[in-house]
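Dear colleague,

Please read the notes with the structure open beside them.

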Amino acid sequence: MKTIEALLHDHPFFAGMNDEYIRLIAGCAVNHVFNPQEYIARENDPADYFYLIRNGRVSIEISQPNYGAVILQTLQDGDICGWSWLFPPHRWTFDAKTQTQVQTLKLDGRCLRTKCANDTNLGFDLMQRFARIMTERLQATRLQLLDVYGYSQNKKNHETQNKKDQNP
Amino acid sequence: MIPDIFYVQRRIEEYPGTFTLHIKKKEAHPRLSFQPGQFNMLYAFGAGEVPISMSGSVYNTSVYIHTIRTLGQVTQALEQLREGDQLGVRGPFGKGWPVGKTAGKTVLLIAGGLGLAPLRPLVYSLLDKNSAATDVRLFYGAKSQPEMLYSVELKHWEQQLTLQTSVDMATPGWQSNVGAVTHLLTATKIDPENSIAFICGPEIMMRFAIQELIKKNLPRASIYLSMERNMKCAIGHCGHCQWGPAFICKDGPVFCYQEIYPWFHRQEV
């Protein structure tokens, strides 16, 4: 069985991080398995933890009156779930719910915040990693908003006939 | 340059605005052939011609199958065709997917929206018993579940290849991935030396897919994509589809990324 340190080493989020920091972070982490259809987080609840997804799929959702939960995005193996623990007011912005059984490493945000405050190099390293994830999520959201596959997009751009219609 | 006369043998409504035509030549025993990735020029009488990719199997020599989205005057006319109606066909044209290069490789098929249609002949070939590909993985992204092509076939393919689907907008009941199809690639482990990728979809999606594949150290020479531009003559004479030094109709529509990357990211081209 792998140690928490080894699991952190294997996760893409911590790729290349030095062993000393991995050891420090491992002190704030535990293994946690969620069942399918289980809430990992609820909107507006305190965000004291975040999760490294080792295996499985998590949907990020928001509830709409008279409509129910809308899935905004899904996360999968190698992804990270939650960054609300980093910033005040430390509350979840969306619901996070498992679609399958999900194996995670659960990290204690309060513990990590203290360690980051004591070692700003660790804090900077972690911040850079989260900033990269945020940038990737922003790019993905922009792509979703573009409606690249949509009829309206193609209608607008390709109204001139004699296009190779096949590849929108 | 003179079109052959075909008739519609079967018409399938995929979802509103997108349909599939099975078209047959007006001969007793036609033997039709094409390479996956090639296209035909379909002529709706009185309206004009459009280039449409093949989306059937190369093993079916009696019909051509085309999936078409209604966009303009010609495709609107094609949409009106019903079983027994006639149309003109020129083709097949262009350079297709390099099926021969899949031997011994993990094949990554990355399709966005209607981009699954030009990849479908390749899927059929890769699922054939004679295929020498070691592993086939299909990543398919669409706007939403109702706008996914070949939904029944996707269920069958799931038994034979690794299928991952993603939608931009989840509809009630959708229990799979939500987000850009390129996100699916991030969690995929590949052996760059023994993998080959074929991409077809909106150009923006293809750019992001290529970025992910390059991050995974897949060589440019192992990435192929299908491009689209205005095509008129389909034989490289008119110049409408010139793209950099290449003509999409003659040198493509399938290109190796290694050969086109110098101008692929240039918006002016």
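This is a predicted model: local features need pLDDT of at least 70, side-chain atom pairs count only at pLDDT 80 or more; totals for chains, interfaces and linings use all residues.

Residues are numbered from 1 along each chain as its sequence is written, and chains are lettered from A and ligands numbered from 1 in the order in which they are written.

Chain B first. Chain B is divided into domain 1 (4–93) and domain 2 (99–226), with bounds that come from an automatic or database domain assignment. The centres of the two domains, taken over C-alpha atoms, are separated by 24 Å. In the contact between them, 14 residues of domain 1 of chain B meet 13 residues of domain 2 of chain B, where two residues are in contact if their C-beta atoms, placed from the backbone, lie within 7 Å. On the domain 1 side of this contact, strand E1 (4–15) and E5 of chain B each supply at least two residues; helices (H or I, at least four residues) and strands (E, at least two) are DSSP runs, numbered from the N terminus.

Chain B also holds an open sheet of 6 strands, in the order E4-E3-E6-E1-E2-E5, with antiparallel pairing; two strands pair if DSSP finds at least two bridges between them. Strand E4 (48–53) and strand E5 (64–69) of chain B stand at the edges with a single partner strand each, so one side of each has no neighbour in the sheet. Within the sheet, strand E3 (residues 39–44) and strand E6 (residues 86–93) of chain B run antiparallel and are joined by 4 bridges, and B:Phe39 stands opposite B:Phe93 in E6(B).

The contact between the chains takes 33 residues from chain A and 48 residues from chain B. Several elements of chain B each supply at least two residues of the side that touches chain A, among them E4, E5, helix H1 (73–79) and helix H5 (203–215). E4(B) gives the most to that side, with 6 residues.

Next, the cores. A nonpolar core is a set of buried Ala, Val, Leu, Ile, Met, Phe, Trp, Tyr and Cys residues joined through C-beta atoms within 7 Å; a residue is buried if 20 or more other C-beta atoms lie within 10 Å of its own, exposed if 12 or fewer, and partly exposed in between, with C-beta atoms placed from the backbone. The largest nonpolar core has 80 residues, of which B:Leu109 and B:Ala197 touch the most other members. This core draws at least three residues from each of domain 1 (4–93) and domain 2 (99–226) of chain B. Apart from it lies another core, of 26 residues, including A:Leu8, A:Ile40, A:Trp92 and A:Ala96.

In chain A, the UniProt annotation "domain: Cyclic nucleotide-binding", from an unreviewed entry, covers residues 13–113; UniProt positions are given in the numbering used here, feature names are shortened, and annotations may be inferred rather than shown by experiment. This span of chain A is 13% helix and 44% strand, and its end C-alpha atoms lie 17 Å apart.

Strand E4 (residues 58–64) of chain A is joined by 7 bridges to strand E5 (residues 68–75) of chain A, and the two run antiparallel, with A:Val70 in E5(A) as the bridge partner of A:Ile62. The hairpin of these strands has 3 residues between them, and A:Asn66 there takes a positive phi near 65°. Chain A also has an open sheet of 4 strands in the order E1-E8-E3-E6, with antiparallel pairing. Between strand E3 (residues 49–55) and strand E8 (residues 102–108) of chain A there are 6 bridges, and A:Tyr51 stands opposite A:Lys106 in E8(A).

Finally, UniProt places the feature "binding site" (unreviewed entry) at B:Cys233, B:Cys238, B:Cys241 and B:Cys249. They span 17 residues in sequence, yet no two of their C-alpha atoms are more than 10.2 Å apart, so they gather at one spot. B:Cys233 is found in the loop between strand E12 (223–226) and strand E13 (242–243) of chain B, and is partly exposed, with 18 other C-beta atoms within 10 Å. B:Cys238 is also found in the loop between E12 and E13 of chain B, and counts as partly exposed with 14 C-beta neighbours inside 10 Å.

With best wishes
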